[in-house]
Amino acid sequence: MEVMICDHFRCSPLSILSSFSPSTRYNLSLPSSSPSFRLKPSSSSSSLCSSRMEGTHQTHDHGRSKFIDFPFVSSAQKNVMVDLVSRLENRLHSQLLPCTLPPDVQYYQSQTATAQASLHIRSGSDDSQVDFVLGSWVQSELPTGGSLDITSLSAYLKSSTDAPNFVFEMIRSSPTMLVLILDLPPRKDLVLWPEDLKTFYEDTQLDTHRQALERVPEVQPYFSSSLYIRTVSSPTAIMIRIVTENGGVERMEEIIRDHLDPISKQVLGIWLDHCACAKRDVGEAERAYLNKRDGLIRNKTIEIDLGSSFPRLFGPEVANRVLEAIKGYFTV
C-alpha cells in the first residue's frame, strides 16, 4: 500500500495527456511588411474550420463531464475537487484552451476493468503564463479488498515566469485513511534565490496552513519514501496522513469539509494571485535555467512514477497510449 501511494504521488493522474503538445504549437502569420497581401478564406475552408472547432469543443465538453463527475469518491471529497477546478478555470478563463486529448486518453481502464481513470488537460494560450493545467482521477481495486482512489489537480507554468507550480492530490485507500499533498513546488533553488523564498512562501504566510492542519488530532505527517520527491517539494509543502479509525467515515468527511476544503481553496488563491496571474521579470539566462530544470523534473515524473505505476494498473497497451500523450505535454 505504501509503495502504491508513493508511486502514484506526482502522477496527477497523479500529480498526470494526446499527441498534441503545448511545446509544439504552430502559428502561421504573414509579414507585417506586406499589408497588401491577404488570404481570404473560402466558404468551404470556413465551414471546415467551424466544423473542426465544433468537434474540439464537443471533445472537450464530453471529457470534462467525465472528469468532473468524480464518481468514486465521497461527496465531501468531490465537492473539494469540483470547487478547485471551477475556481481555477473561472479565474484563468480565456487563458485556457479546450482539452484536445483523444477520447481513449480522456477516459481509460484496464482490460479487466479493475482500474479506470479520467484525464483532463488544458493548455495555456500563447499569451498566458500557464503552460497547462492537468486534472485527473484514478480508481483501482485492491487485491486485499476495497479500492485506491486518487483525485488530483496540478498546474505548470511557462519559463516566462519563475513562479512555483501548483500541486493538489488526495489519495484514499480506505474510507478512514487519506493522504493529502498540497504544495507550490519551487522552480528555482531557494538558497540561490532567497527573494523567491520571501515572495512566494514567507510573505504569503503559506506555512500557516500546514500548521493549522497539523493541529487537527487525526492528522499525522506523511513522509514519501522517495527522497527525490522530498527534494523537489517546497519548505511549506502540506504532506499529511489523516486516519479516523475511531471517528469513522463521518469524522473523515468532517475533516475534509471543515479543514481541507477551506485551506486548499486559500492555497489555490495564493497561487493564482501571486504566481499564475502575477507578472515577473525573467531574463534569458533565467529562462534557460527554468527550461532545463522544468524538463528534468517532468522527465523524472514520468520515469519514476508513471512509467512504473501505469503498466501495473492498466496494462502495457493502455499505459503506452496514455504515457505517449502525457509526454507531449511534459516536454519542455
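The protein chain contains 10 helices and 8 strands, as assigned in what is a predicted model. Of its 332 residues, 52% count as buried. The protein chain exposes about 15600 Å², of which carbon and sulfur atoms supply 54%.

Two helix pairs were examined, beginning with the pair formed by α9 and α10. Helix α9, spanning residues 284–314, packs against helix α10, spanning residues 316–330, at an angle of about 160°, and the axes of the two helices lie 8 Å apart. Because angles over 145 degrees count as roughly antiparallel, α9 and α10 are classed as roughly antiparallel to each other. The crossing in which α9 passes α10 is right-handed. By residue class, the contact of α9 with α10 comprises 13 nonpolar, 2 polar and 2 charged residues.

The second pair consists of helix α6, which covers residues 207–214, and helix α8, which covers residues 248–276; these helices pack at an angle of about 175°, with a separation of 10 Å between their axes. At this angle, α6 is roughly antiparallel to α8. The contribution of α6 to the contact is His 209, Ala 212 and Leu 213, whereas α8 contributes His 259, Leu 260, Ile 263, Gln 266, Val 267 and Ile 270. The residues of the contact of α6 with α8 fall into 6 nonpolar and 3 polar, with no charged residue among them.

When residues up to four places away in sequence are not counted, His 209 touches Ile 238, Ile 263, Gln 266, Val 267 and Ile 270. The C-alpha atoms of His 209 and Gln 266 are separated by 8.5 Å, although the two residues stand 57 residues apart along the chain.

A further residue considered individually is Leu 197, which is placed in helix α5. With a relative accessible area of 26%, Leu 197 is partly exposed. Leaving aside neighbours within four places in sequence, Leu 197 is in contact with Leu 190, Glu 202 and Pro 235. Between the C-alpha atoms of Leu 197 and Pro 186, which are 11 residues apart along the chain, the separation is 8.7 Å.

Backbone geometry was also considered at two loop positions. His 93 lies in the loop between α3 (75–92) and α4 (103–106), and has a positive phi of about 45° although this residue is not a glycine. The relative accessibility of His 93 is 57%, so that this residue counts as exposed. Gln 205 is found in the loop between α5 (194–202) and α6, and likewise has a positive phi, of about 55°, without being a glycine. Gln 205 counts as exposed because its relative accessibility is 53%, the exposed class being taken as over 50% relative accessible area.

Conventions:
Residues numbered from 1 in each chain as written. Predicted model: local features only at pLDDT ≥ 70, side-chain atom pairs only at ≥ 80, totals over all residues. Heavy atoms only, no water. Axes fitted to C-alpha atoms, helices over the stretch in contact; angles between N-to-C directions. Helix = DSSP H or I, 4+ residues; strand = E, 2+ residues; numbered from the N terminus. Parallel < 35°, antiparallel > 145°, perpendicular 65-115°, else oblique. Contact = heavy atoms within 4.5 Å. Nonpolar A, V, L, I, M, F, W, Y, C, P; charged D, E, K, R; others polar. Buried < 20%, exposed > 50% of the residue type's maximum accessible area, 1.4 Å probe, protein only. Areas by Shrake-Rupley, 256 points an atom, 1.4 Å probe, with all protein chains shown as cover. Left-handed = near helix turned anticlockwise from the far one by under 90°.
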